[in-house]
Amino acid sequence: VQEKEELIEEWQPEPLVSPVPKDHPALNYNIVSGPPTHIITVNGKECINFASFNFLGLLDNEKVKSAAQASLKKYGVGTCGPRGFYGTFDVHLELEERLAKFMRTEEAIIYSYGFATIASAIPAYSKRGDIVFVDEAACFAIQKGLQASRSNIKLFKHNDMADLERLLKEQETEDQKNPRKARVTRRFIVVEGLYMNTGDVCPLPELIKLKYKYKVRIFLEESLSFGVLGEHGRGITEHFGINIDDIDLISANMENSLASIGGFCCGRSFIIDHQRLSGQGYCFSASLPPLLAAAAIEALNIMEDNPDIFQTLRAKCERIHKALQGISGLKVVGESFSPALHLQLEKSCGSREDDMKLLKRVVDYCMNTGIALTQARYLEKEEKCLPPPSIRVVITVEQTEQELDKAASLLKEAAQSVLN
Amino acid sequence: MNHIVHNGGLYKRPFNEAFEETPMLVAVLTYVGYGVLTLFGYLRDFMRQWKIEKCQNATEREEQKDFVPLYQDFENFYNRNLYMRIRDSWNRPICSVPGAKVDMMERVSHDYNWTFTYTGRVIKDVINMGSYNYLGFAQKAGTCQEAAAKVLSQYGAGVCSTRQEMGNLDKHEELEKLVATFLGVESAMVYGMGFATNSMNIPALVGKGCLILSDELNHASLVLGARLSGATIRIFKHNNMQSLEKLLKDAIVHGQPRTRRPWKKILILVEGIYSMEGSIVRLPEVIALKKKYKSYLYLDEAHSIGALGPNGRGVVDYFGLSPEDVDVMMGTFTKSFGAAGGYIGGKKELIDYLRTHSHSAVYATSMSPPVVEQIIASMKCIMGEDGTLVLISPVGKARVQQLAENTRYFRRRLKGMGFIIYGNEDSPIVPLMLYMPAKIGAFGREMLKRNIGVVVVGFPATPIIESRARFCLSAAHTKEMLDTALKEVDEVGDLLQLKYSRHRLVPLLDRPFDETTYEETED
C-alpha cells in the first residue's frame with residue numbers, strides 16, 4: 001500500500017493541451033464583419049468573395065430570407081428536442097418530401113449538421129467485419145464515418161478504376177477461401193461526386209459496372225456536386241445520365257448550393273428508413289432549426305424555377321479555369337466545370353510550412369487588392385492522405401465577368417511578385 | 001436507497017438522489033411480457049415468410065437480390081415486432097413553437113403503425129412535457145426573436161464556409177466572449193451542433209496512450225468521441241465515486257495494460273444531469289478525486305446549463321464551486337437557450353489549442369447567424385443587459401426560480417401519489433417508471449387523449465425492464481398547467497396501475513417559495 005501511495009505521488013501527467021505558438025497559421029482567423037455574401041468585408045477590407053461556397057448566390061436572396069423570417073415568426077429559433085421527442089416539425093417533413101421529389105428518390109432524411117450527415121450514415125450500415133473501398137482523396141467527414149464504423153478500409157488511388165478493380169479481385173479470391181464468411185460480409189464503395197480536395201469528378205459509369213460485377217454497394221457523397229452538376233442541378237447522376245436507383249445512398253450537405261445549414265441523405269426507403277433508428281447524428285441530436293429548413297425549401301424552389309443558373313455557373317467556371325492557366329508558379333487543380341478549384345505551387349519550397357507561408361503572401365496580396373481568398377485548411381496530423389497546400393478559389397453565379405477577369409489578373413500579379 | 005449526504009463538508013447542501021428498487025413481482029411480469037411479445041414476434045415472422053400475412057417491410061431491389069443482405073434478420077426483429085407496435089409514441093410531428101403548450105398534427109394509422117396518414121386536423125394546446133425548454137426561451141415573439149429576425153435579414157441564414165477559412169463572423173467572436181463571461185472562464189469556443197462538439201473535440205484532446213474514464217450512462221456523443229480518439233476507455237458505475245477512485249488508483253499504479261508504461265493523461269467524462277435517470281453528478285467528490293489523482297475533468301452540461309444553480313450557471317453554480325476546477329466545460333445551447341449548437345469553455349490555452357486542432361473548426365460550417373443572435377439575446381436576458389454583469393438579472397432570476405419551484409412541486413406531488421420516480425430532487429428531468437412493455441404505448445396514448453404530450457422511452461435507450469416516461473419541466477409551465485398534468489397522470493396511473501412505490505412520502509404543506517430555499521434542508 002505504501003508503494004502504491006508513492007506511485008500515485010510521483011506520477012506526473014502531460015499537460016492537457018500543448019501550448020500553441022502565437023504565429024500558428026490557423027490561430028488567427030479572418031474576421032468577417034457582416035454577411036459573407038458576394039461583397040464581403042474581411043478584416044476591415046471590402047473584397048469580392050472568392051472563398052465562400054455560395055455557388056448559387058442564395059445566401060443573400062430576399063425570397064429565401066423572407067421564407068426564413070416567416071418560419072421564425074411561427075416557430076421561434078430552436079426545436080428543443082431530437083426528432084423522436086417532439087422535435088419533428090411539419091417543415092422537416094416537407095423538406096424531406098421536397099428533397100426526395102427533387103432527386104427523384106423514394107425518401108430523404110435530414111440531419112442538422114453537414115459534417116454529421118455522412119459521418120453518421122456510413123456507420124449505420126457498415127459494421128465491424130464489413131469491407132469499404134474508399135477513394136484516397138475522400139474528405140475528412142467520410143474518414144471519420146469510416147473510423148466510427150470499425151470496418152476494414154481499403155484505399156484505392158484517386159479515380160483509378162484499375163486499382164479499385166485490383167482490390168476487388170483480391171477480395172474475390174479471399175472470399176473463395178472462406179465462402180461462409182463472405183456470405184455475411186457487406187461491401188461498400190464510398191466516393192464523392194465532386195471531390196473537395198482535388199476538384200475532379202468520379203467516373204460513375206465505370207463504378208456502376210464494377211458494382212454489378214463484384215456485388216458492391218455504392219455510397220455517393222454529393223456535397224459539392226448537388227446543385228452544381230447536371231442539367232437541373234440533381235448532381236452527378238444527372239450529369240452522367242445514370243438511373244438514380246443504381247446508387248444505394250446519396251448524401252449531401254445543404255451548406256453549399258442551398259446556402260442553409262445541415263445535410264440530407266436520399267435513396268430508396270429500404271435503405272434510408274434504417275437511419276431513422278440507427279443514424280447517431282439523427283437520433284441523438286436536436287433537429288434542424290425550422291428557419292433553416294424553411295430557407296432550404298425556398299432555395300429548392302428557386303433551383304427548380306430557374307434551371308438556367310446551372311448553365312450560367314458552368315460557363316463562369318470554364319471562363320476562370322481558362323483565365324487561370326499559365327500563371328507562372330501556380331497550377332490549377334480541378335475540372336473545368338468545377339466551381340471549387342485549387343491553386344497549388346508548381347514547385348514546392350521543400351517543407352509544407354514554407355509552402356504555406358508563400359501561399360499566405362499570395363493570399364494577402366489579393367486580399368489587399370480586393371479579392372477575398374483563403375488557403376484550403378486541413379488537419380495535418382489527422383488526414384489519411386494529406387493534400388498539398390493550396391489556395392481555394394470558389395466561383396459563384398453572382399460574380400460578373402469583369403470580376404472574374406480581375407481575379408485572374410490579380411492572381412497573376414501576386415504570383416509574379418511573390419514567387420519570383 | 002435514499003441517502004442524504006453531507007460528505008465531510010464537500011457538499012454545501014443536501015444531495016437527495018433516489019433510485020427505488022424494482023419490485024420483484026413487477027420485474028417478473030415485465031420479463032413475461034417481453035417473452036410473450038417475442039413468441040408472437042416469431043409467429044408473425046413465420047407467417048410473413050410463408051406469405052400467410054402480407055409483408056409490409058420495404059425490400060431490396062430485384063437487381064440487387066443476390067448482393068450480401070444489408071441488414072441481418074435478427075437486428076430488425078426488435079424493430080419489426082416490438083417497436084413497430086408502439087411506434088406512434090415517437091416522432092410526433094408538431095406545428096407550432098415548442099413552448100409550454102404545443103399544437104400537434106393528428107396522424108392515424110390504418111395498418112397497425114406501418115404507415116401513417118395525416119388527417120389534416122391539428123390538436124391544439126397540448127401541454128408539452130417532452131421538449132427541452134427549461135428556461136422557457138422557445139418563444140415566437142419577444143426580444144430574443146426580434147433580435148434574431150434582425151440578424152437574419154442582415155446576414156442571411158447560412159454561412160457557407162468553415163471557421164478557419166471564411167466563416168468566422170464578428171457575431172461568432174461576440175458570442176464566444178459572452179459565453180466565456182457567462183460561464184466564468186477565460187475563453188470559449190462555439191460549434192454548430194452539440195453532438196458534434198463532443199465527437200469532434202474529445203479526439204483533439206486525447207489520443208493513444210491516454211486513458212478515458214467514462215460514466216456508465218454517458219450520452220452517445222461522449223461515447224463516440226471517446227471511441228474516435230483512440231484512447232483506452234474504462235467505465236465506472238453510474239455516479240459511483242468508489243468505483244471511480246478504484247479505477248483511478250489502478251490506472252496510476254499499474255500503468256498501460258501491456259507495456260506498463262505510465263498513462264500520458266487521464267480524462268474523466270461526466271455529465272451535469274443525466275437525461276435518462278434525472279441524476280446529478282456528484283461534482284464536489286469528482287473534483288476532489290481529480291485533484292488528488294492529477295487527472296482532467298470534462299463536464300458535459302447539455303441539460304444542466306441554465307437549468308441548475310441559483311444564477312442559472314449550471315451544475316458548478318449549483319454546488320457553489322469554482323469553474324476553474326473543471327478543466328473542460330462543455331455544454332449545448334439547444335435546451336436552455338432555445339437555439340442550437342454547443343460550446344466548450346476553459347483556459348485560454350485550451351481554447352487556442354482547440355481553435356487550431358478541432359475537427360469542427362477546420363472541416364465543418366460555422367453556426368448560422370440568427371441562431372447565434374438568439375443565444376446572445378437569451379444570455380443577455382439571463383445575465384442583464386450589460387454583458388459584464390456576473391450576476392443575474394431580475395428576468396433571469398424569475399425564470400430560474402420558476403423552474404426550481406416547478407421541479408420541486410412536481411416531483412413531490414408525483415412521489416406523493418405513489419409513482420416510482422428516479423433521480424435527484426432538484427433535477428428538472430423527471431423519469432416515471434413504467435417497466436412493462438405494453439404500458440409504454442398505453443401511457444403515451446392515454447396522456448395524448450387527455451391533451452398532454454409526454455415522452456416514453458424503452459429499450460435500447462434504457463435497460464430492458466426499466467422503461468419509463470420522462471417529464472421535462474420548464475419555466476414556462478404555470479402552476480395550473482402542472483396541476484392539470486398531475487391530475488391526468490394520477491388518473492392514468494390508476495387506470496394502468498403504475499403506482500408501484502412502496503415508500504410513500506408524507507406530503508409536505510406547500511410552502512411559498514423564496515430565495516432562501518436553496519440554503520434550507522428538506523426534511
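Two residues are taken to be in contact when heavy atoms of theirs lie within 4.5 Å. In the predicted model examined here, the contact between the two chains draws 111 residues from chain B and 112 residues from chain A. The size of an interface is often given as the accessible area lost when the parts come together. For chain B and chain A, the area buried between them comes to about 9,900 Å², of which 64% lies on carbon and sulfur atoms.

Charged pairs were examined next. A search of the whole structure gives 57 salt bridges over all chains, and across the interface of chain B and chain A the rule finds 4 salt bridges. In one salt bridge, Glu60(B) is paired with Arg217(A), and their closest N and O atoms are 2.7 Å apart. This pair crosses between chains, with Glu60(B) placed in the loop between helix 1 (24-49) and helix 2 (77-83) of chain B, and Arg217(A) placed in strand 8 (residues 217-221) of chain A. A salt bridge also joins the side chains of Asp66(B) and Lys215(A), with a distance of 3.4 Å from N to O.

Within chain A, two helix pairs were considered. Helix 6 (residues 161-177) of chain A and helix 8 (residues 204-214) of chain A have axes that come within 11 Å and cross at roughly 5°. Because angles under 35 degrees count as roughly parallel, helix 6 of chain A is described as roughly parallel to helix 8 of chain A. On the side of helix 6 of chain A, the contact is made by Met161(A), Leu164(A), Glu165(A), Leu168(A), Lys169(A) and Glu172(A), while helix 8 of chain A contributes Glu206(A), Leu207(A), Leu210(A), Lys213(A) and Tyr214(A). Sorted by class, the residues in this contact of helix 6 with helix 8 of chain A are 6 nonpolar and 5 charged, with no polar residues.

The second pair consists of helix 15 (residues 352-368) of chain A and helix 16 (residues 401-419) of chain A, which pack at an angle of about 135° with their axes 9 Å apart. With this angle, helix 15 of chain A is oblique to helix 16 of chain A, and the crossing of the two helices is right-handed. From helix 15 of chain A, the residues Leu358(A), Arg361(A), Val362(A), Tyr365(A) and Cys366(A) meet a set in helix 16 of chain A that is made up of Leu410(A), Leu411(A), Glu413(A), Ala414(A), Ser417(A), Val418(A) and Leu419(A). By class, the contact of helix 15 with helix 16 of chain A holds 9 nonpolar, 1 polar and 2 charged residues.

How values were computed:
Residues numbered from 1 in each chain as written. Chains lettered and ligands numbered in written order. Predicted model: local features only at pLDDT ≥ 70, side-chain atom pairs only at ≥ 80, totals over all residues. Heavy atoms only, no water. Axes fitted to C-alpha atoms, helices over the stretch in contact; angles between N-to-C directions. Helix = DSSP H or I, 4+ residues; strand = E, 2+ residues; numbered from the N terminus. Parallel < 35°, antiparallel > 145°, perpendicular 65-115°, else oblique. Left-handed = near helix turned anticlockwise from the far one by under 90°. Nonpolar A, V, L, I, M, F, W, Y, C, P; charged D, E, K, R; others polar. Buried area = accessible area lost by both parts, 1.4 Å probe.
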